[in-house]
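I opened a notebook for this structure and wrote down what I looked up, in order.

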Amino acid sequence: MRFRTRLMLASGLAAGLAVGPSAAVTAAPPAIPSQEEAWRASTKEEARTAGTKDLATMLLTEKDLPAQYARVEQDPFASVRDDLFGRTGKACTLPIDVRRSVHAVFRTEVRNTLDLESLVEVITEPGADAARALVERARALPGKCAKVETPRHTIFVRPAVMDRIGDSSAALRVTVWVKAASSPTNYVDVVEAELAVAAKRNRAVTVVLLGFYPTHAATPARVLRTAVARLR
């Protein structure tokens with residue numbers, strides 16, 4: 001299925017179609033605002049507060065990442081990221097409250113579209129206890145949510161090995177099967193994600209690498225370690 005899917009995707013791109021899993025989702029947009037829309041709305045609101053502005057100065061920059069990554073406004077894998085982060089209260093997602101967070105999105109510039117990747121960083125400031133709870137929530141996901149069904153994806157969550165970073169940390173490897181817009185039992189592509197989260201004092205930082213292959217241009221542990229070092 002994977003080889004055939006890759007061939008179909010490449011043929012679609014040659015015909016001028018949209019890139020990757022977002023193409024399948026675009027045909028059937030969700031009834032609720034996307035995480036991207038929620039983030040944009042919250043950014044406008046929270047930009048007025050000194051605290052959020054201060055958090056924004058701690059975000060990763062292009063200098064912190066491999067040369068392939070460039071800062072962009074929109075994540076090419078936004079629909080997948082939406083289901084991984086979700087909204088506060090969903091049992092099988094990381095409860096990142098967009099009203100109290102800042103984020104940065106990077107993507108690779110590559111000749112072969114199948115090598116496309118994105119890197120998303122989210123910094124929250126929920127307090128020390130809540131920051132540690134976010135890490136524990138991530139660590140518990142493989143046991144509680146090894147397989148998750150959403151309207152757009154089938155998500156498989158597995159633990160990943162990573163040395164401790166910050167006060168506490170956890171890492172996950174996630175495989176996302178992208179459902180066809182016309183049939184939830186058919187799949188049009190597979191997206192591989194690596195996710196790492198750490199708490200440092202009253203803040204938490206989450207890093208997500210997304211792409212079509214299990215190995216990405218950046219290493220989640222190295223990116224997370226750099227991100228935690230930037231927290232003040």
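The entries below go from the whole chain to the sheet, the helices on it and some charged pairs.

**Entry 1: ground rules.** I am reading a predicted model, in which local features need pLDDT of at least 70 and side-chain atom pairs count only at pLDDT 80 or more, while totals for chains, interfaces and linings use all residues. Residues are numbered from 1 along each chain as its sequence is written, and side-chain values use heavy atoms, with hydrogens and water left out.

**Entry 2: the whole protein.** I found seven helices and eight strands. Helices (H or I, at least four residues) and strands (E, at least two) are DSSP runs, numbered from the N terminus. Of the 232 residues, 49% count as buried. Buried means under 20% relative accessible area, exposed over 50%, and partly exposed in between (1.4 Å probe, protein chains only). The protein exposes about 11300 Å², and carbon and sulfur atoms supply 55% of that area. Accessible areas come from the Shrake-Rupley method with a 1.4 Å probe; for residues, only the protein chains shown count as cover.

**Entry 3: the sheet.** In what order do the eight strands lie in the open sheet? I read β1-β2-β3-β8-β7-β6-β5-β4, with antiparallel pairing. Two strands pair if DSSP finds at least two bridges between them. At the edges are β1 (69-72) and β4 (147-149), each of which pairs on one side only. From one strand to the next, the twist averages 25°. I then looked at β7 (residues 183-200) and β8 (residues 203-211), which run antiparallel and are joined by nine bridges. K200 has R203 in β8 as its bridge partner.

**Entry 4: helices on the sheet.** Helix α5 (residues 78-85) packs on the sheet and touches β2, β3, β5, β6, β7 and β8. Contact means heavy atoms within 4.5 Å. The direction of α5 makes about 140° with that of β8. Axes are lines fitted to C-alpha atoms, for helices over the stretch in contact, and angles run from 0 to 180 degrees between N-to-C directions. Helix α6 (residues 128-144) also packs on the sheet, touching β3, β5, β6, β7 and β8, and its direction makes about 50° with that of β6.

**Entry 5: cover on α5.** How many of the eight residues of α5 are buried? I counted eight of eight, so the helix is mostly covered under the cut-off for buried. After α5 comes G86, whose phi is positive, near 60°.

**Entry 6: charged pairs.** The structure holds 11 salt bridges. A salt bridge is a side-chain nitrogen of Lys or Arg within 4 Å of a carboxyl oxygen of Asp or Glu. R81 meets D75 in one of them (3.6 Å, N to O), and both residues are buried. R81 also forms a salt bridge with D82, the closest N and O atoms being 3.6 Å apart. Why does D82 count as buried? D82 counts as buried because its relative accessibility is 6%; for R81 the value is 0%.

D83 pairs with R152 in another salt bridge, with the closest N and O atoms 3.4 Å apart. This pair links distant parts of the chain, since D83 is in helix α5 and R152 in the loop between β4 and β5, 69 residues apart. Both D83 and R152 are buried. Elsewhere, salt bridges that share partners join D54, E125, R203 and R232 into one network.

Entry 7: V188 lies in strand β7. At 35% relative accessibility, V188 counts as partly exposed.
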